[in-house]
Amino acid sequence: MTVRLNLFAPEFRANPYPFFAELRRQPTLAQVDPLGFWAVSRYADVLHVLKNPQLFSSTGHRGPAEPEWLGRSNPFADSMVMQDPPQHTRLRALVNRAFGPTALSRMEPRIRAYAEQAAAELTLGRPVDFVEAFALRVPASVIGELLGLDASLHPRFKRWADDINNTSSTPPDAHEWHAQIRGTYAEMEQYLKEVIAERRRSPREDMVSELLAARIEGEALTDAELLGFLFLLLVAGLETTIHLLGHSALVLAERPDVFARVRADRSLVPRFIEEVLRYEPVAQTLMRLTTAETELCGVRLPAGSHVMLLLGSACRDEAQFPNSERFDLDREGPSNMPFGHGIHFCLGAPLARMEARLALNALLDRCGGLVRDATPVQWHASIVVRGPTVLPLTVLPG
Ligand code: HEM
């Protein structure tokens with residue numbers, strides 16, 4: 001018998017982990033409502049799918065990402081995260097260097113400065129929304145810099161990213177919402193096209209200039225591909241890192257013992273980040289489409305089946321992580337699973353880890369504790385990412 005799980009049930013949204021634990025105990029695949037996708041919950045099975053991109057394609061989202069009301073092609077739907085080889089291989093090779101160690105060390109001093117400024121401007125001693133006051137600031141500055149957009153535009157990024165994320169999940173009759181989303185595409189495209197044209201005229205030492213100059217076997221990125229990549233960075237790189245910082249703050253508030261250890265010994269910060277990534281995986285689900293008939297966990301899936309990988313469950317799989325439901329600062333070794341696996345492994349993983357390390361160190365320099373009050377946390381409504389969108393906290397002076 002097939003087990004079913006309703007992704008939109010309020011009790012699942014509030015805390016998906018007990019539901020995931022139940023799914024992992026089942027011998028077979030679950031189907032998720034209301035979409036009917038096949039859900040993969042165990043670490044080993046998720047890994048199997050990610051290791052076989054020829055059988056589990058990344059182009060499954062294309063339809064919903066380009067609804068008719070959008071009235072245009074969606075640059076994000078054409079970006080590399082939704083491509084299979086050989087297109088994906090070529091795009092990834094072209095952009096790889098922009099996220100390599102040399103590019104990262106060039107960015108590090110500026111990210112540190114953003115982090116220190118955000119920490120210095122935090123209101124201490126009374127409740128703030130930690131997301132607005134701190135978590136958003138470093139990732140927005142970093143993405144703004146990568147996209148080459150002026151700092152005055154940073155406050156708009158969150159809305160832009162939300163609108164693009166919502167393209168595939170707004171109801172068909174939400175006409176006002178559709179108009180807003182269409183406006184966002186046009187606005188972003190206009191700004192980004194200006195950046196691309198300007199860097200073409202006078203290249204600088206920045207990512208857009210480097211990507212314009214990059215060649216693989218004599219071939220460059222087209223303007224449309226570069227635009228798609230910049231859209232992807234905003235969606236993949238902003239909200240995810242904001243949520244990583246939000247989850248980190250929640251753990252620090254709920255576990256004063258962890259706070260005290262990490263604050264006293266900063267060499268524990270990277271280990272802390274790895275455990276937050278595992279314990280609260282920001283990217284909760286990934287989609288794939290089967291290219292041929294195949295069997296998964298005893299279920300025969302015809303070609304064209306939608307498969308939903310529950311990273312949120314894989315990262316809590318006790319077969320892989322003993323005492324998996326516990327946040328354990330002493331857990332050995334990083335797990336890369338929160339960033340995916342294989343050909344689509346997160347391009348920004350080293351950048352996200354660096355941003356989180358610099359932001360948390362700057363926070364710990366100024367803060368003597370994080371205290372939650374009774375005001376509830378508000379969670380992101382998406383089924384793709386999980387993280388607090390409003391996080392009421394008091395930051396105590398250090
Ligand atoms: C891909 C997670 C931050 C850029 C991915 C994937 C995951 C992921 C799970 C795999 C998608 C798939 O297999 O379909 C995360 C998490 C982050 C984070 C948890 C932060 C906590 C970032 C940042 C950037 C970024 C900061 C860049 C600024 C990308 C790109 C891809 C990707 C470009 C597509 C790679 C490809 O298709 O080859 N990310 N990400 N991510 N991520 Fe991230």
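**Ligand shell, cores and buried polar residues**

The side chain of Arg288 places an N or O atom 2.7 Å from an oxygen atom of the ligand. The model is predicted, and every distance below is computed from it. In His88, a side-chain N or O atom lies 2.7 Å from an oxygen atom of the ligand. For Arg92, the distance from a side-chain N or O atom to a ligand oxygen is 2.7 Å. His88, Arg92 and Arg288 are listed among the closest residues to the ligand, together with His344 and Cys346. In total, 28 residues surround the ligand.

The composition of this shell was examined by class. Nonpolar residues number 19. Seven residues are polar, and two are charged. Several secondary-structure elements build the shell. Helix 5 (87-95), helix 8 (137-147), helix 12 (223-237) and helix 13 (239-254) are among those that supply at least two residues each. The largest contribution is that of helix 12, with four residues.

The chain as a whole contains 17 helices and 13 strands. Its C-alpha atoms occupy a box of roughly 60 × 60 × 45 Å along the principal axes. The radius of gyration is 21 Å, which agrees with the value near 21 Å for a compact globule of 398 residues. Buried residues make up 53% of the 398 in the chain.

In soluble globular proteins, nonpolar side chains tend to be buried together. The largest nonpolar core in this model comprises 97 residues. Phe229, Leu230, Leu234, Phe272 and Leu370 have the most contacts inside this core. Helix 17 provides the largest share, at eleven residues. Within the largest core, Leu234 illustrates the packing. Beyond its neighbours within four places in sequence, Leu234 contacts Ile143, Leu147, Phe157, Trp160, Ala161, Ile164 and Met188.

Arg386 sits in the loop between strand 11 (378-379) and strand 12 (388-390). Its relative accessible area is 9%, under the 20% limit, so Arg386 counts as buried. The side chain of Arg386 comes within 3.4 Å of the backbone oxygen of Arg13. Residues up to four places away in sequence were set aside when its contacts were listed. Arg386 then touches Arg13, Ala14, Pro16 and Tyr17, among others. Its partners also include His243, His247, Glu280, Pro281, Val282, Gln284 and Trp379.

Arg278 belongs to helix 15 (residues 269-279). Arg278 is buried because its relative accessibility is 2%, under the 20% limit. Residues up to four places away in sequence aside, Arg278 touches Cys315, Arg316, Phe321, Ser324, Arg326, Arg331 and Pro338. Three of these names, Arg316, Arg326 and Arg331, are themselves arginines.

The loop between helix 4 (62-65) and helix 5 holds Gln83. With a relative accessibility of 11%, under the 20% limit, Gln83 is therefore buried. Gln83 and Ser58 stand 25 residues apart in sequence, yet their C-alpha atoms are 5.9 Å apart. Pro86 also lies in the loop between helix 4 and helix 5. The peptide bond joining Pro85 to Pro86 is cis, and its omega is near 5°.

Two residues other than glycine were noted for positive phi. Glu217 has phi near 45°. This residue, Glu217, is located in the loop between helix 11 (207-213) and helix 12. Its relative accessible area is 82%, over the 50% limit, so Glu217 is classed as exposed. Asn323 has phi near 55°. Asn323 occupies the loop between helix 16 (311-314) and helix 17. At 60% relative accessible area, again over the 50% limit, Asn323 is therefore exposed.

Definitions and conventions:
Residues are numbered from 1 along each chain as its sequence is written. This is a predicted model: local features need pLDDT of at least 70, side-chain atom pairs count only at pLDDT 80 or more; totals for chains, interfaces and linings use all residues. Side-chain values use heavy atoms; hydrogens and water are left out. A residue is near a molecule or strand if one of its heavy atoms lies within 4 Å of it. A polar contact is a pair of N or O atoms within 3.5 Å; within protein, one must be able to donate a hydrogen and the other to accept it, and residues adjacent in sequence count only if both atoms are side-chain atoms. Ala, Val, Leu, Ile, Met, Phe, Trp, Tyr, Cys and Pro count as nonpolar, Asp, Glu, Lys and Arg as charged, and the others, Gly among them, as polar. A nonpolar core is a set of buried Ala, Val, Leu, Ile, Met, Phe, Trp, Tyr and Cys residues joined through side-chain atoms within 4.5 Å. Buried means under 20% relative accessible area, exposed over 50%, partly exposed in between (1.4 Å probe, protein chains only). Contact means heavy atoms within 4.5 Å. The radius of gyration is taken over C-alpha atoms; the globule rule is 2.2 Å times the number of residues to the power 0.38.
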